[in-house]
Structures are given as structure tokens and as C-alpha cells.
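Q: I would like a close look at a single part of this model. Please keep the answer plain and connected.

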Number of protein chains: 2
Amino acid sequence: MSENTGQPGAVVLLSGGLDSATTLAMARHAGCRCHALSFRYGQRHSVELEAARRVAASLGAAEHRVLDLPIAQLGGSSLTDPAAQVPRDGVAGGIPSTYVPARNTVFLAFGLALAEVLGAGAVYIGVNAVDYSGYPDCRPEFVRAFQRVAELATRQAVEGKPPRIVAPLLQMSKAEIISAGARLGVDYSLTLSCYDPDAEGRACGRCDSCRLRRRGFREASTPDPTRYQTPTEESHKT
Amino acid sequence: MSENTGQPGAVVLLSGGLDSATTLAMARHAGCRCHALSFRYGQRHSVELEAARRVAASLGAAEHRVLDLPIAQLGGSSLTDPAAQVPRDGVAGGIPSTYVPARNTVFLAFGLALAEVLGAGAVYIGVNAVDYSGYPDCRPEFVRAFQRVAELATRQAVEGKPPRIVAPLLQMSKAEIISAGARLGVDYSLTLSCYDPDAEGRACGRCDSCRLRRRGFREASTPDPTRYQTPTEESHKT
């Protein structure tokens with residue numbers, strides 16, 4: 001796909017996981033010139049940023065930016081606390097400890113800022129409210145509320161051109177996401193979903209995110225290319 | 001005022017300027033234990049963070065946090081570009097070049113995150129839509145839209161205790177703000193509003209923010225304690 005300036009611009013929030021990689025592929029398929037945006041925020045799985053870099057390159061993003069955010073300093077999440085344990089083998093319901101306070105609000109705020117600077121017409125985010133961890137900021141009503149903020153907050157909005165907040169995975173199952181991404185040529189071996197990978201980027205196979213991902217591949221009848229830390233994890237039931 | 005844990009907690013966004021200092025005084029007057037929150041975001045007037053520190057101490061904030069944010073990297077504002085000129089002596093209307101893309105959305109997102117971690121019931125922000133620079137993210141409808149995000153985005157929201165976004169200055173004139181703050185004991189000599197101060201924190205007297213501030217003191221019939229860069233600035237007409 002050409003990268004002439006006639007393409008509509010889109011900011012795509014890219015974690016390096018399965019969902020955001022698929023979202024980037026969809027934005028590219030929609031004809032957008034994609035500005036991939038990742039964040040280094042003290043996540044224990046910061047190796048995901050390497051995955052994000054590989055995914056951005058592989059899917060033809062026009063650029064890939066990584067911004068440093070002081071989220072871990074605030075505390076409140078096992079995902080940003082090296083001393084905490086990430087839940088494995090299922091959780092008891094409710095919002096899990098891996099939830100990071102207001103993370104998607106912060107990420108979308110920066111996406112909105114970048115969209116304004118670039119004049120981009122959309123901010124893509126790979127949130128999903130079907131096969132997800134129960135985070136409040138992955139729900140459709142949250143996305144709608146942030147859309148309203150986007151329609152008011154910026155110079156673009158005042159000029160009648162607010163960016164759209166696009167969440168194409170919102171109502172899809174993990175299997176549907178995988179099938180759609182595979183059709184668009186996403187190489188899922190480049191992605192990393194695990195909350196607690198080892199230094200080589202191999203997945204634990206047991207955290208919420210691994211469990212949802214593995215079940216998705218199984219339900220999509222698609223081979224799971226994930227590299228797990230131990231061979232026995234691969235047969236672990238989800 | 002005591003700082004026992006029975007006080008309701010509030011996060012107060014504190015720039016070190018006149019408006020946010022008054023807002024902090026109001027939150028204290030409302031009986032809140034106040035967590036002042038400032039941002040180092042590449043603003044050319046980063047000396048305002050010293051003002052914020054003085055204001056937080058003087059008004060009895062329980063703590064004062066300063067977070068580093070990568071806003072200047074995004075570009076798009078004369079306020080974060082050392083090579084740009086800040087408008088002086090009035091602007092032509094519209095949104096001025098000092099507007100920083102999505103700044104208040106980013107600041108409120110971090111305020112929301114901190115409120116959640118602390119279990120605070122409110123996020124105070126000193127935005128004002130009367131004597132203001134025309135920034136879109138200072139308008140009442142923007143504050144309402146972000147309130148809706150706060151009601152959905154977080155664990156607090158899911159548990160039925162979302163924080164309120166409190167903007168007590170929204171409909172006040174600058175003179176009314178100054179009069180109210182003076183009654184609450186705000187020492188405005190500690191505050192810094194200027195967009196382009198010198199290294200010693202003295203105001204230029206000519207930027208939008210200086211002009212609104214000076215007119216406010218005059219209309220409030222209150223002596224202006226601002227330190228200006230040159231004596232002649234003090235007689236400059238606003």
C-alpha cells in the first residue's frame with residue numbers, strides 16, 4: 001500500500017499483543033496511514049514493546065512511537081509492581097489485580113493529542129468486551145464516553161473535525177479476532193500477549209491473557225504460534 | 001485543619017498559577033485532604049513547578065506530586081516549543097498557539113488514575129471559561145464529558161463510587177476568582193501565571209495569561225503582587 005499523503009491518517013494504539021496487532025491490520029486494510037503508538041509505563045512485560053516494534057514494521061505502519069509514562073509510580077496494579085504476583089490459573093471474578101488504574105483513559109488521551117498534532121482522523125484502540133479480563137475501560141460505554149471527550153477537547157473538535165475513536169474488536173470473540181487477523185495477514189508469532197513473560201519474550205501460558213489467547217486459537221481452529229516458557233505449558237488446560 | 005484519615009480525599013491539579021491555587025484553597029475549605037498533582041511536560045515556564053511547590057505547602061496540601069509527561073515530544077504548541085514565540089499584546093481570536101493538544105484530557109486522566117489508587121472522591125481542576133484563553137478543554141461541556149468517562153473508566157466506577165470532576169471556577173470571572181481566593185487566604189505572590197517568565201520566575205506582563213491576571217486584580221480592586229520583569233511592564237495596559 002502506498003504511503004502518499006492522500007491516505008487518511010490514523011493513530012493506532014499498539015501494545016504488541018494479539019488484539020492491537022489485529023487492530024493495526026484493520027486500520028491498514030481500511031486504507032489508513034498508520035501512526036503506531038506504544039507506551040513504556042513500567043509494565044512488567046515491557047518486552048512487549050519489542051513485539052510492538054516487530055508488528056508495526058511487519059504491518060506497514062508509517063511510524064512507531066514509544067512514549068514513557070509515569071503510570072507505575074502511581075501504583076495500584078500487579079502489572080506494574082515487580083513485587084506482586086500476577087494471577088495464574090484463573091481468577092475469582094471481579095476486576096483482576098492486573099487492571100491498571102485509568103490506563104486506557106491515559107492511553108486514549110495521548111492518542112487524541114497525537115491525532116491532533118498530526119491531523120489524523122481516527123484513533124484506533126484494540127479493546128474487546130467479550131473475551132477479556134473484565135477491565136472497566138474495555139467496555140463499549142467507556143469507548144462512547146471517550147468519543148464524546150474527543151468531540152469537545154481539541155482544536156480539531158472546535159473546527160468540526162474531531163477524530164473518531166475506533167474500536168473494531170469491541171464485540172468480537174477472541175476466535176473471531178484471530179480469524180479476521182489471519183485473513184489480513186497478521187503474523188501472530190510476532191505478537192506477545194502474556195502479562196508475565198520471561199526475558200526472552202516467552203509466554204507463561206497461565207495468566208489471564210495467555211488463557212484467553214490460547215482458547216482463542218483453539219476455537220478458531222488455528223495453530224497457536226506462541227512460544228511458551230516450558231513445553232508442558234502448551235498442554236495446560238485453559 | 002487536621003489531616004486525619006476521616007477527611008475525604010481529593011486530587012487537585014496544581015499548575016502553580018492563580019486559578020489552580022484558588023482551586024486548592026477551595027478544596028481545602030471544603031474539608032478535603034488534598035493531594036496536589038503537577039506535571040513537568042516540557043512547558044517553557046517550568047519555573048511554575050516551583051510556584052506549585054510553594055502553593056501546595058502554603059495551603060496545607062497533604063502531599064505534592066510532580067509527574068513527568070512526554071507532551072512536548074508531540075509538538076503542536078508554542079508553550080512547549082523553545083523556538084516558538086508566545087503571543088504578546090493580544091491575539092487575533094480563535095485558539096491561540098499556546099494551546100497544548102489534549103493537555104487537560106491528559107492531566108485529568110492522570111488525576112483519575114491517582115484518585116483511584118488513593119480512593120479519593122474528587123478530582124479538582126481550575127479550568128475557567130469566562131476570563132480564559134479560548135482553549136477548548138476549558139469549557140463546561142468538556143468537563144461534563146470527562147465526568148462521564150470518570151463514571152465508567154475505573155474500578156471505583158464499577159463499585160459505584162466514581163470520583164467527581166470538580167471545576168469550581170468554571171463560571172467565575174478572574175476578578176471573582178481573586179476575591180474568593182483572597183478570602184480563603186491564598187497568597188497570590190506565591191503563584192505564577194505567566195507563559196513566558198524569566199529564570200527568576202518574573203512575569204512578562206504581556207502574554208495572554210499575564211493580561212487576564214492583571215485585569216483580574218484591577219477589577220477585583222486588589223493589589224497585584226506579581227513580580228514583573230521590568231518596572232515598565234507594570235503600567236502596560238491590558
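How many residues does the contact take from chain A and from chain B?

A: This is a predicted model. In it, the contact takes 36 residues from chain A, and chain B likewise provides 36 residues. On the side of chain A that touches chain B, four elements each supply at least two residues: strand 3 (63-68), helix 3 (103-118), helix 4 (140-150) and helix 5 (155-158) of chain A. Helix 3 of chain A gives the most to this side, with nine residues. By residue class, the side of chain A that touches chain B divides into 24 nonpolar, seven charged and five polar residues.

Turning to the partner, chain B has an open sheet formed by five strands in the order 3-2-1-4-5, with parallel pairing. Strand 3 (63-68) and strand 5 (164-166) of chain B stand at the edges; each has a single partner strand, so one side of each is left without a neighbour in the sheet. From one strand to the next, the twist averages 25 degrees.

Within this sheet, strand 1 (residues 9-13) of chain B pairs with strand 4 (residues 122-124) of chain B in the parallel sense, over three bridges. Here B:Ala10 stands opposite B:Ala122, which belongs to strand 4 of chain B. Helix 1 (residues 18-29) of chain B packs on the sheet and touches strand 1, strand 2 (33-40) and strand 4 of chain B. The direction of helix 1 of chain B makes about 170 degrees with that of strand 1 of chain B.

Definitions and conventions
Residues numbered from 1 in each chain as written. Chains lettered and ligands numbered in written order. Predicted model: local features only at pLDDT ≥ 70, side-chain atom pairs only at ≥ 80, totals over all residues. Contact = placed C-beta atoms within 7 Å. Nonpolar A, V, L, I, M, F, W, Y, C, P; charged D, E, K, R; others polar. Pairing = 2+ DSSP bridges. Axes fitted to C-alpha atoms, helices over the stretch in contact; angles between N-to-C directions.
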